[in-house]
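Subject: Structure handover

Hello,

Please find the structure below. My notes on what was found in it follow.

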Amino acid sequence: MKPLQLTMQAFGAYAGEQIIDFTLLGDKNFFLIHGPTGSGKTTILDAISFALYGSASGDLRESKNLRSDYAPAEQKTEVEFTFKSGEYIYQVLRSPEQELKKQRGEGTRKVPAAAALFKILTDGSKEPLAAKSDEVTKKITELIGFKAEQFRQIVLLPQGEFRRFLIAESKDRKAILETIFKTELYRRIEALLAERSTAIDNDYKALKQQQQFILNSTECENNDQLLADIQIFLQRQKEETAALQTASAQLAAAKLQLQQAQELHNAFAEATAARTAFLTLTEQRSAVETAKTEAAQADKAALLEEIYNSTLRAHKHNQECLSAEQSAQQATAAAQAKLQELHQKLSEQLQQLDGQSIKDTANLDKALELLNQRILQHF
């Protein structure tokens, strides 16, 4: 991190606004802040630490006590710090919780702490990165690579507090030095190598146990005897494998012969069954011929039966016609008898009419018409 500009207002020993432009130092990377006691040297360090982490550079000063005792009641305490980290320039603004004069009326009002972090782009514009105190502190830690305590022990060493680093415990100084010299990677490599070494050692012990178990199981005194037994076992296994292959070939040949024999047996069985079926058909041939003759005669009989049935139906119809004809003849004879009877009655009536004088011809015509109707009704 390289400081570029620090602006303090109503902060610490400075009642008004104080701007420190570090760019005036140019390329000088080493400079001295000096002055009499109480002139505000530590305030500069406090302002930088407060802007980055929200706390002063030492434990004797709290954030709430960073407001200048000489600042007007209406002037706000705040710090603006611009710095470069890597390739980019950043600007952080932070103000502590403080009591300010009310804008209207008497008395004071409590103003909460505030913070904001921006990235300065090449065109001079600002890109917001964080807008809350905790978020700004977390982002600053990511950018710089130090936590607040580490930053105060490494970058800022306030007067009288350097001895804290010297008397710190080994693990604390180790963590600080790892952060300074970026040795975290090597520590991780060392840890991985140690872990790998432990794993290899455990594997070796496990293999030794397996070796001893095998020696005990095979009743061998050492590896040479075990290797000799293994060679003998492999030779036997090779011979047994060859014998097994030979037996397998013989078994395959036997299976083939058995299959061929089964096929031949099936063929003989099929031929025997076919001969038996042929003889049976030969014996049944005469019966089949007889059945065929009977079937042909049955077909002819069926045709004659149809003709016979038709003849019966015609004869029956003829009988019905004859019966109807006889009925008609009987009805005709009855009609003729009735007609003779009517003629007889008519003759009698005419004789009776001859004895009477017919005064009205119309009555005679009417009598004739009635007589004709009665005749027609009887026919």
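The protein exposes about 28,800 Å², of which carbon and sulfur atoms supply 55%; accessible areas come from the Shrake-Rupley method with a 1.4 Å probe, and for residues only the protein chains shown count as cover. This is a predicted model: local features need pLDDT of at least 70 and side-chain atom pairs count only at pLDDT 80 or more, while totals for chains, interfaces and linings use all residues. Residues are numbered from 1 along each chain as its sequence is written, and side-chain values use heavy atoms, with hydrogens and water left out.

Of the 379 residues in the protein, 19% are buried (under 20% relative accessible area; exposed is over 50%, partly exposed in between; 1.4 Å probe, protein chains only). The secondary structure comes to nine helices and eight strands (DSSP runs numbered from the N terminus: helices are H or I with at least four residues, strands E with at least two). Among contacts (heavy atoms within 4.5 Å) with a separation of 6 or more, 51% link residues 24 or more positions apart.

Two sites follow.

Thr43 lies in helix H1, residues 41-53. Thr43 has a relative accessible area of 10%, so it counts as buried. Beyond its neighbours within four places in sequence, Thr43 contacts Met8, Phe11, Gly12, Ala13 and Tyr14.

Phe233 belongs to helix H7, residues 223-283, and is exposed because its relative accessibility is 52%. Together with Leu227, Ile230 and Leu234, Phe233 forms a nonpolar surface patch with about 370 Å² of accessible area.

Regards

Conventions. Patches are made of residues with over 30% relative accessible area and no salt bridge: like charges are joined within 9 Å, nonpolar side chains (Val, Leu, Ile, Met, Phe, Trp, Tyr) within 5 Å. A salt bridge is a side-chain nitrogen of Lys or Arg within 4 Å of a carboxyl oxygen of Asp or Glu.
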